Structure formats: C-alpha cells, structure tokens
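User: I would like a close look at one part of this model. Please keep it plain and define your terms.

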Amino acid sequence: MTIAEPRWLSAVRGLEPRARRAFAAAARAGRLDAPVSLLLADDAALARLNARFRGKPRPTNVLSFPNPAGGGDLALALGTVRREARALGRSLADHLAHLVVHGTLHLAGFDHATERSGRVMERREAMVLRRLGVPDPYRTRR
C-alpha cells in the first residue's frame, strides 16, 4: 500500500487495516491468490493514470490494472471518492471499502461489461461488503 496523498490518513480512521481487510475479503471471494498493490492518491494522479491508460483525461474513483501473471494494481483518488461518498450519503470509510472490493474483484476477473456480468459482480460485492459490515451500495439504487 502506498499513500501518495497524505490526506487519506486523516480522512479515514484506521485506513490501512480497513483497506487490507476489504482487499483480503474480496480476494478470498474472487479466489485471487496473487500480489496486489494499492495506491491511495489524489485526483490529479488518477487523472494522469486515466489519461495515459484509458484515454480519459479526468479523475475517476478507482482504477484497476491486472497483471497477466495474476494480481495487479489498484489506485483510488481521494477527492473523487470523497465527493461520491458525500453525494451517496455513505461514509468515506464504507465507500473506500466498496471501491477496494470492486477493484479487487476486477483483478480477479469479474467485470460489469454486460448486464449479466454486472449483476454477478454486484452480488459478489454485496456479499463481501456484508461480511465486512458495510451496507449494500446497490440496494438503495433499486
């Protein structure tokens, strides 16, 4: 875990253990047994990564970069994650957990490219989050 944006530390109480717990639970659920790095950065860093690797020059909440040998890298943007949490009425800690789970499941091969695969991924995320004591982020949308 690399904390490139130090404001993450004051934004989420127990940041590192919380992120590690979310990752471990998602890795178990996704049967991912490979190294993963997590970058906690700011919006500018995610905008640069998003532009370079996805051709979208704007920040996003989470990026996942699978390694062909397994595992990979995750990156989260504090400003975007904070704004989303506020807009959704969720705690920043719960939204962080959700995005770590979401990104980890991407690294495990899950996607939401189709309606069916999206439903499968959402159900898996909700199951993992329930185990972590985090409310289902998709329940309120229906």
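What volume does the largest pocket have?

Analyst: This is a predicted model, where local features need pLDDT of at least 70, side-chain atom pairs count only at pLDDT 80 or more, and totals for chains, interfaces and linings use all residues. Residues are numbered from 1 along each chain as its sequence is written, and side-chain values use heavy atoms, without hydrogens and water.

The largest pocket has a volume of about 530 Å³. A pocket is an open set of points on a 1 Å grid over the protein atoms alone, where a 1.4 Å probe fits, with protein on both sides within 12 Å along at least five of seven lines. The volume is the space filled by probe spheres set on the points, which are joined across faces, edges and corners.

Lining residues have an atom within 4 Å of a point. Here 25 residues line the largest pocket, and the closest to its centre are Asn61, Val62, His102, His106 and His112. By class, the lining has 9 nonpolar, 10 polar and 6 charged residues. Nonpolar covers Ala, Val, Leu, Ile, Met, Phe, Trp, Tyr, Cys and Pro; charged covers Asp, Glu, Lys and Arg; the others, Gly among them, are polar.

Which elements contribute? Those giving two or more residues are α3 (43-54), β3 (62-66), α4 (78-88), α5 (92-107) and α6 (115-132). Helices (H or I, at least four residues) and strands (E, at least two) are DSSP runs, numbered from the N terminus. α5 gives the most to this lining, with 5 residues.

α5 also meets α6: contact means heavy atoms within 4.5 Å. Among the α5 residues in this contact are His102 and His106.
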